[in-house]
Amino acid sequence: MIESLASLLMVLVVLALGPYVVAVMDRLVATAPRGALASDVWLGPLSRAAWLLTQHANATEAPDWQAWRLAPALYLALAAVGLALVPWSPTLIATDLVTSVVLWGSVEALATVVIFLHGWSANAVLPLIGAYRYVALGLSYILISMFVLIGAALPAESLQLTQVVASQESLWNVVRQPLGLPLFLVVGLGLTFWGPLNLADSTDLAGGTAAEVSGPSRLVWECARAVMLVAFSGIAATAFLGGWLGPWLPGPVWVLLKTLFVLALLLWLGQWLPRVAPERCVTLMWIVLLPLSFVDLVWAGVLALWA
Amino acid sequence: MSLVTLLLLAAALIGIGLYGALSQQSFVMLMMGLELMLNGAMLAAVAFWAYSGAGAPQGQLLTIIVMAVMAIEMAMGFALVVAVFRGKQADTTEALSELKQ
Amino acid sequence: MEHSIFVDIAFLLLAVLAVVAGWRVFRTDSMVRASFFLLVSFIAVGAIMMLLAAEYLGVAMFFMMAVEMMVMALFMVMFMMNPAGLNPMMMVHQHRLSIIAGAVAFFILAAMALFSSFPADPLPAGLDPVRSLGHEMLGDSMLIFESAGIVLLATMIGVVVLSSHRGRYGAAEEGSVPPGLEPGGDPAGQPEKGESEGGHEHHHHHH
Amino acid sequence: MAVSWLRQLAARSCVPVYPVWGEHDEALLATLVLSTQIELVDSPRHASVLLVVGEIPATLRDGLKHVHDQLPSPFAVVWFRGAPLIALNAPIHVDEADRLVDTLIRTHRELMLGQRDSASRLLPDEPPNPWEGLGDDGHGGEGMMGGTPYGRPMAMNMQDDLRDGLTLDSLTFRLGPFYPALPSGLCAEITLQGDVIQSWETRHGALPQRLAPVFYAARERPVPIAELELARARYHLVQLYRGLHLAGLERIARHALSLARQLSTASRLDGLRRQLVRSGIFHLAAMDGGQLDTEMAARLGGPAARAAGLDADLRMDDASYQRLGFRPQCRTDGTVRARWEQRLAEIDQSLQLARQAEPDGLHTANTEAVETPRGPWSAKPPQDASALLDQLLPGLEWDEAMTLIASLDSREVAETSGRANI
């Protein structure tokens with residue numbers, strides 16, 4: 001009972017702190033090699049949030065109000081579900097479902113719906129283009145994600161994330177299935193439409209699905225994206241980097257460190273790669289990455305049979 | 001939650017789905033009606049599996065098969081709509097029957 | 001099966017959600033909204049399945065239907081005249097008949113549910129539904145499962161044939177070429193032939 | 001006081017500014033982008049302050065009003081070097097560049113702290129086409145789904161043009177004149193199918209730009225080649241900034257701009273070029289398209305023409321440049337990629353020329369014909385070529401189209417430098 005309460009508390013804390021951590025880390029990653037730290041790196045995200053809370057939410061011509069207001073909250077909710085699936089230790093986990101790997105797959109699929117809804121419901125041209133683009137992206141990465149995750153579940157012979165971690169006792173999946181984590185990182189960039197895969201909220205669409213959003217709902221949307229990044233990093237750390245496993249430190253600290261590592265990697269990729277042209281992105285996903293994910297799955301299957 | 005309430009819910013879903021499938025003019029909406037009926041059918045299958053099938057695995061299998069059928073139905077449905085649409089530029093059931101005459 | 005009052009409350013809420021969302025599918029103006037209402041109905045039923053201990057099926061329902069409804073919504077936009085749902089519209093026929101048919105179906109099925117007696121044979125304790133499903137799928141019912149797989153493969157091929165035997169731009173065997181962007185214009189998106197300086201997509205000037 | 005505490009915090013935030021460029025000002029752009037306290041945003045919905053730079057011509061005033069009204073309250077307008085559009089009771093007006101950043105920050109602060117009221121709307125807040133609910137189901141017309149309930153036809157498959165056998169609803173809308181991904185002033189009526197551009201009609205050309213004063217001086221008297229070439233490199237770096245910003249490479253874009261700001265004969269392009277190549281932008285972004293044919297390239301002139309293989313550069317006719325051994329660099333294929341590579345090569349070349357010319361203080365010899373970074377200026381300055389977009393863009397996806405526009409400099413060059421004091 002105490003542990004389930006503690007794990008719920010953990011989810012809430014990450015939910016509250018995640019956006020701030022992501023914002024600060026993004027700034028640190030952006031300025032890292034030069035060392036020239038902007039003065040407001042610590043306070044900047046907070047004052048920006050305060051500004052967004054002060055700003056009024058605008059209207060467009062005849063938007064679908066319910067969907068428009070609900071979409072950011074739903075995306076945040078999906079991110080929270082993702083966070084709840086991350087095991088901090090063998091017992092410290094909010095929802096230890098037998099099929100938690102598949103549930104994470106559903107989170108990815110439903111995210112596509114919610115992001116589409118966010119762009120579609122604004123009833124404006126640029127958000128709509130962003131929404132369509134995201135569907136093309138979402139339908140492309142979802143299969144890659146399925147194959148890679150099934151690959152990670154194979155050695156555990158279970159669809160439960162705690163079992164997946166336990167199966168990495170001898171060897172982490174990142175070593176056992178070398179293709180897995182890189183492919184999964186692509187999925188993560190797609191899921192949060194971050195950096196090179198930011199096709200939905202891109203600069204050439206003046207902000208894409210968020211182009212017409214201001215004030216508190218923009219704040220929720222940005223927070224949801226950040227929390228989704230954290231949730232994804234947590235799942236990636238669990239499925240490929242051995243979750244709570246590690247010497248000397250207690251399990252939850254290891255999970256935290258590994259999550260931050262994956263997060264920093266994603267943010268770094270976001271800073272250093274240009275946005276991939278949508279057509280090229282879809283071609284890449286279906287022609288290169290999808291077969292690679294299949295190779296990953298076959299590799300994992302052969303290893304599981306052989307072991 | 002009991003077998004009867006679950007079956008009542010399934011019946012309601014099937015009823016609404018039947019109404020949709022019969023009343024909608026557009027192909028795609030018609031397919032939505034069919035999907036809603038299958039939704040009810042799946043719920044009924046799982047309810048029987050849980051309450052009066054003693055957890056026989058065939059109950060779950062049936063649901064999986066229905067899901068596959070839904071995917072097949074949707075894919076074939078869309079392919080037909082595309083084919084018909086290209087040939088006749090029609091996307092409602094009535095437009096199609098008029099063209100046949 | 002023993003369960004707590006919370007399960008009953010959750011079931012009640014989810015059941016109402018499933019029915020209301022299912023009903024809204026056919027009463028909303030926008031096709032995109034309609035497909036997402038259907039998705040909500042599916043998600044509610046999936047959650048009920050999870051309450052019934054069919055964990056895999058419930059979760060599978062989420063992701064299967066999310067993708068399916070997303071595709072559905074896109075097809076709506078492609079084929080419907082009112083994609084954004086800005087304009088109220090009513091696209092129904094044989095309305096009264098349909099209502100009667102729907103109601104009759106409900107009452108017959110409801111009567112069957114209420115008045116027939118089904119054996120009470122709940123899930124045995126210690127059953128692992130996911131494992132049992134897996135063993136069934138790749139054990140006794142392998143033939144059925146594999147047939148479903150073959151049917152899906154056949155569907156994929158059939159879909160490709162149906163939607164593209166005429167090719168993306170005309171009959172495939174005649175060498176399909178995209179139409180021009182203006183009537184009678186040069187094919188769009190094709191490299192210009194025979195011009196060393198390289199043509200672009202939209203030539204007006206032939207040298 | 002929770003609210004005032006929130007407002008205090010909001011007042012300290014980085015100022016989100018939506019700029020409307022009535023005149024081109026490289027130095028100001030660099031100042032604003034590189035300032036840590038200012039954030040230039042891409043959508044008016046994301047801004048707290050609207051900055052209007054220079055005079056807005058009468059034809060674009062309506063466009064400005066639309067942008068103005070899209071800012072969510074509380075917001076304010078700062079007019080820089082131009083008369084305020086409408087008689088407001090206390091317009092914020094700045095003329096000196098070094099006061100601008102402070103004014104923007106102060107304005108935002110005052111807005112947040114409630115010391116300044118939000119600017120009032122200029123246009124009535126009503127749909128451009130009012131709802132006309134008619135017919136059986138209020139759908140606005142006769143029959144099952146006809147009619148024009150919002151004063152415009154329902155999005156329907158009106159066009160015969162089937163690009164892939166599936167008619168998507170075509171969507172016609174107007175973009176500009178102050179859309180950030182387009183040159184300022186460019187306004188177009190666009191029809192999309194999906195995200196493929198079916199037609200693009202330029203309705204208003206881009207505003208003329210004023211080059212650095214040294215180019216105007218070169219038309220009157222010999223000027224130091226080093227100075228001229230540094231100004232040229234600076235111009236290209238600012239173009240590069242715009243392209244990279246659009247491509248989502250914000251940090252390399254800033255690098256380009258800070259290089260432009262501190263440009264001297266000692267500057268090197270290698271670091272920037274290496275970052276660009278490592279980022280993979282030449283392979284990941286849509287850079288294969290956008291080919292110009294010879295006629296279009298000749299019409300555009302300048303780097304775009306040389307990227308398409310035209311060996312034309314007025315610097316070849318200048319005796320001083322000949323002494324430096326100047327030869328124009330060319331690419332052959334004229335694609336978006338070729339144009340960016342051309343620009344990088346020309347920045348390099350300009351820096352090299354500046355380094356060669358500086359020790360002797362070499363001056364230009366020819367004042368009749370000056371090669372501006374935009375194109376040749378002999379009889380008249382380079383003209384607006386926005387109409388080329390009407391031919392180039394149809395058939396491209398949105399992303400390809402925006403990448404193409406960023407690579408293509410089609411603005412007219414103003415005849416005079418305008419402000420004599422700089």
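Student: What makes domain 1 and domain 2 the parts of chain D?
Tutor: The domain assignment of chain D gives domain 1 as 2-113 and domain 2 as 213-407; such bounds come from an automatic or database domain assignment. This is a predicted model, in which local features need pLDDT of at least 70 and side-chain atom pairs count only at pLDDT 80 or more, while totals for chains, interfaces and linings use all residues. Residues are numbered from 1 along each chain as its sequence is written, and chains are lettered from A and ligands numbered from 1 in the order in which they are written.

Student: How far apart do the C-alpha centres of the two domains of chain D lie, and how many residues does the contact take from each?
Tutor: The centres lie 30 Å apart. The contact takes five residues from domain 1 of chain D and eight from domain 2 of chain D, where two residues are in contact if their C-beta atoms, placed from the backbone, lie within 7 Å.

Student: Which strands of the open sheet in chain D are called edge strands?
Tutor: The sheet has five strands in the order β2-β1-β3-β4-β5 (chain D), with parallel pairing. Strands pair if DSSP finds at least two bridges between them. β2 (38-40) and β5 (92-94) of chain D are the edge strands because each pairs on one side only.

Student: Why is α6(D) called roughly antiparallel to α15(D)?
Tutor: Helix α6 (residues 225-246) of chain D and helix α15 (residues 398-407) of chain D pack at about 170°, with axes 9 Å apart. That angle makes α6(D) roughly antiparallel to α15(D), a term for angles over 145 degrees. Axes are lines fitted to C-alpha atoms, for helices over the stretch in contact, and angles run from 0 to 180 degrees between N-to-C directions.

Student: Which residues make that contact?
Tutor: R242(D), G243(D) and L246(D) come from α6(D), and M402(D), T403(D), A406(D) and S407(D) from α15(D).

Key: Helices (H or I, at least four residues) and strands (E, at least two) are DSSP runs, numbered from the N terminus. Angles under 35 degrees count as roughly parallel, over 145 as roughly antiparallel, 65 to 115 as roughly perpendicular and the rest as oblique.
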